[in-house]
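Welcome! Take a moment to turn the model around before reading on. The report below starts with the whole chain and then visits two residues.

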Amino acid sequence: YDAFCKHPALRSFVRNFMGWEKEIMLKRAMMRHNCPGSLATGVHYDKLFLRGSDAEFLTAWVPIGDCTARGGGLMYLQDSDQLGRELEEDFREKAKSLSDEERVSAFNKHMADDGYLSHDAEGFRQTQAKGKLNWLVGDFEAGDVVFHTPHMIHSSAANEDEKGRIRLGSDLRFYEAGVEVDRRWCNHWKNGDKL
C-alpha cells in the first residue's frame, strides 16, 4: 500500500494535473469498506473534514479491486463543485462566532452529528441541488483512480453487489509542497481523533 501511495506514475499525474512543481500526500490516508446492506458513506464534500487550511488540495479515490455500479463505489453529484463552495461559505458564515477548534470541525453545532450533509442522496439532490443535478455512478476496475476537488459533492452508493462482495477503497489527499496544510491530517488515523 505504501509503495502504491509513492508510485511515481501516481505522484507525477497529481503534479501535472494540478500544475504543481512538488506535491505532498497527507499521512492520514484512509482505507474504507462498504459492506452489502450497511449504511453507505453519507453525502459530503471533503472540505467539510479538512477545514484547517485554505490551501487547495486534491483527493484521489482508489477502489481496491473491481467494483460494479451496484457494488457500493463512489457516486458524484454532477457539476456540484459550485454548490459545495456555496454550502461551505454558508457554514463558514454560521461558524464565525465559534472557537477556532469548533470552526474547523465537521462536527460543530451547525453540522449534522456525523459531519455529513445527508444520508439521503436523492433527497439531497432534490432539496439542495433543486433536482437540477444528477448522481453519476459507474463501474470501477482494479487500477482505476478517481480524482476530485475539495468541494465536489459525493457519496458512496449502497452496496447491493449480487455476489455479496465487500467494496474496499482508499482516500488519498495531496497538497502542493510548501503550502499550509490541515495539520490535523498529518498523522496516521487513530480511534477517537474526531476527524
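In the protein chain, 83% of the contacts with a separation of 6 or more are between residues 24 or more positions apart; contact here means heavy atoms within 4.5 Å. This is a predicted model, in which local features need pLDDT of at least 70 and side-chain atom pairs count only at pLDDT 80 or more, while totals for chains, interfaces and linings use all residues. Residues are numbered from 1 along each chain as its sequence is written, and side-chain values use heavy atoms, with hydrogens and water left out.

**The whole chain**

The protein chain holds five helices and eight strands, which follow one another as α-α-β-β-β-β-α-α-α-β-β-β-β along the sequence. Helices (H or I, at least four residues) and strands (E, at least two) are DSSP runs, numbered from the N terminus. With a radius of gyration of 17 Å, close to the 16 Å that the globule rule gives for 195 residues, the protein chain is as compact as a globular protein of that length. That radius is taken over C-alpha atoms, and the rule is 2.2 Å times the number of residues to the power 0.38. Along the principal axes, the C-alpha atoms fill a box of roughly 50 × 40 × 35 Å.

Of the 195 residues, 45% are buried. Buried means under 20% relative accessible area, exposed over 50%, and partly exposed in between (1.4 Å probe, protein chains only).

**Aspartate 46**

You can find aspartate 46 in the loop between strand S2 (30–34) and strand S3 (57–63). Is aspartate 46 buried or exposed? Aspartate 46 counts as buried because its relative accessibility is 1%. Its side chain takes part in the polar contacts tabulated here, a polar contact being a pair of N or O atoms within 3.5 Å; within protein, one must be able to donate a hydrogen and the other to accept it, and residues adjacent in sequence count only if both atoms are side-chain atoms.

| Side chain | Partner side chain | Distance |
|---|---|---|
| Aspartate 46 | Histidine 148 | 2.8 Å |
| Aspartate 46 | Arginine 173 | 3.4 Å |

Leaving aside neighbours within four places in sequence, aspartate 46 also has Phe57, Thr59, Pro150 and His154 among its contacts.

**Phenylalanine 147**

Strand S6 (residues 146–148) contains phenylalanine 147, which is partly exposed at a relative accessible area of 23%. Not counting residues up to four places away in sequence, phenylalanine 147 touches Leu10, Phe13, Val14, Leu58, Thr59 and Ala60. Its C-alpha atom is separated by 25 Å from that of arginine 92, 55 residues apart along the chain.
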